[in-house]
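Please have the sequence and the 3D view open.

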Amino acid sequence: LPLVKASNSLSLSLQAKMSRPVQARRLEGIDKNIWVEFVKLATTYSTVNLGQGFPDFPPPDFLKEAFVRAISGENHMLHQYTRAFGHPPLVKILAQLFGKLLGRDLDPMTNVMVTVGAYQALFCCFQAFVDEGDEVIIIEPFFDCYEPMVKMAGGMPVFVPLRPKAPKHGKLMSSADWQLDPAELASKFSERTKAIVLNSPNNPLGKVFSREELQLIADLCVKHDVLCISDEVYEWLVYDGKEHIRIANLRGMWDRTVIIGSAGKTFSATGWKVGWTVGPNRLLQHIRTVHQNSVYHCATAAQEAVAQGFQRELELYGKPDSYFVQLPKELQQKRDWLVQSLDAVGMKPIVPEGTYFLVADISEFKSDVPDVPDSDEPYDSRFAKWMVKNKGLAVIPLSTFYCGAHKNNYNHFIRFCFAKEEATLKAANDILQKWKREKTSS
């Protein structure tokens, strides 16, 4: 009898197994993520990681001290929930700062919303605005989450590339040499276009869009009644006297633009995951709906510390002691050092106008990693994997930042992150110099 019961139980168990698909259709084709693979490779093989975009130096002392005060002080409510759409001290100071930058009065309760990093801000935007069949224009190369997030919302990504123009004779290429073709961009707008994603300063190129380029985008947005999702997480990291221009300040754009920012990039504290959106209430009210039905709430103590950091920076705005003045100066020196290092070994750097990142042309190193005819994997991806395994230096292939159809059009570039300690950059230079000597002697 016990054997019969066991047999019946097994039979019922087998019958109970689900035969229909469990995966939601919106996840089809977006399950792979380049960062999972390359982070694992870097962890396994690299001695120097210039791949992922985070500093290996600490946030400023005043920010760390603010966090310590938040978690160890007498205000025990900083360990509990705060306002779902943003800790009141943080949204108030953000409204003051961005009100100053945008030249308008902002309501901290309706024009600002705090998110779990800029990543969640992006997700909320796509979920709030994109319907099934809507088209979203994405400028290539693009931060890689834009495409899958659009697709998850049911939208259709439409891609338009920045096209490189040859620099003047004897000069290194600049990120400014990568430009939109006005006619090509205009051709991507249609009655189905719901939004365009703008990322300036741009990851991975480090391009800072000029006023003329932003005006081109703004005019098309107004003409076709299109929203602009403006990813400005590197807004304070611009070099060589360049100016970060906010597209929301251009005529007709405030009412159709959501600005996305990041304390992680602003204060070199990427692990804190504090981001925000700034924009008109007619747009933010829908983002709040997505937020309250997903994460609902962000870490209180981190928001308190970031609020204190912004309070300091607002008081020091434009002064030499401001972190927003000091950090880009330090990073520009690191950029210049890496530019010289890469140029010396024959990797042709594209000098970035902003961000943490520098893209380099690896064409002269193709003899080290021969091409594989008819391979589905872009050359730069195989090169980056070979480099981390054989040289111990981790980077990211530029093709990661292109859609599938365009990956092989720009497959001879790799991206370096130079927001690193001097010792890290020196170790990378040592690897490159040794590699050059090996190439010369072989």
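A polar contact is a pair of N or O atoms within 3.5 Å; within protein, one must be able to donate a hydrogen and the other to accept it, and residues adjacent in sequence count only if both atoms are side-chain atoms. This is a predicted model, in which local features need pLDDT of at least 70 and side-chain atom pairs count only at pLDDT 80 or more, while totals for chains, interfaces and linings use all residues. Residues are numbered from 1 along each chain as its sequence is written, and side-chain values use heavy atoms, with hydrogens and water left out.

Begin with N199, in strand β7 (strands are DSSP E runs of at least two residues, helices H or I runs of at least four, numbered from the N terminus). N199 is buried, at 5% relative accessible area; buried means under 20%, exposed over 50% and partly exposed in between, with a 1.4 Å probe and protein chains only. A polar atom of the N199 side chain lies 3.0 Å from the backbone nitrogen of N203, and one lies 3.0 Å from the backbone oxygen of D231. Beyond its neighbours within four places in sequence, N199 is in contact (heavy atoms within 4.5 Å) with Y146, F209 and D231.

Now turn to helix α8, residues 211-224. Its buried residues are E213, L214, I217, A218, L220 and C221. They cover an arc of only 165° around the axis, so they sit on the same side of α8; the arc is taken from the directions from the helix axis to the C-beta atoms. On the other side, E212 and K223 are exposed. The buried residues of α8 pack against β3, β6, α7, β7 and β8. Just after the helix, D225 takes a positive phi of about 55°.

Key: The expected span of a helix is 1.5 Å times one less than its number of residues.
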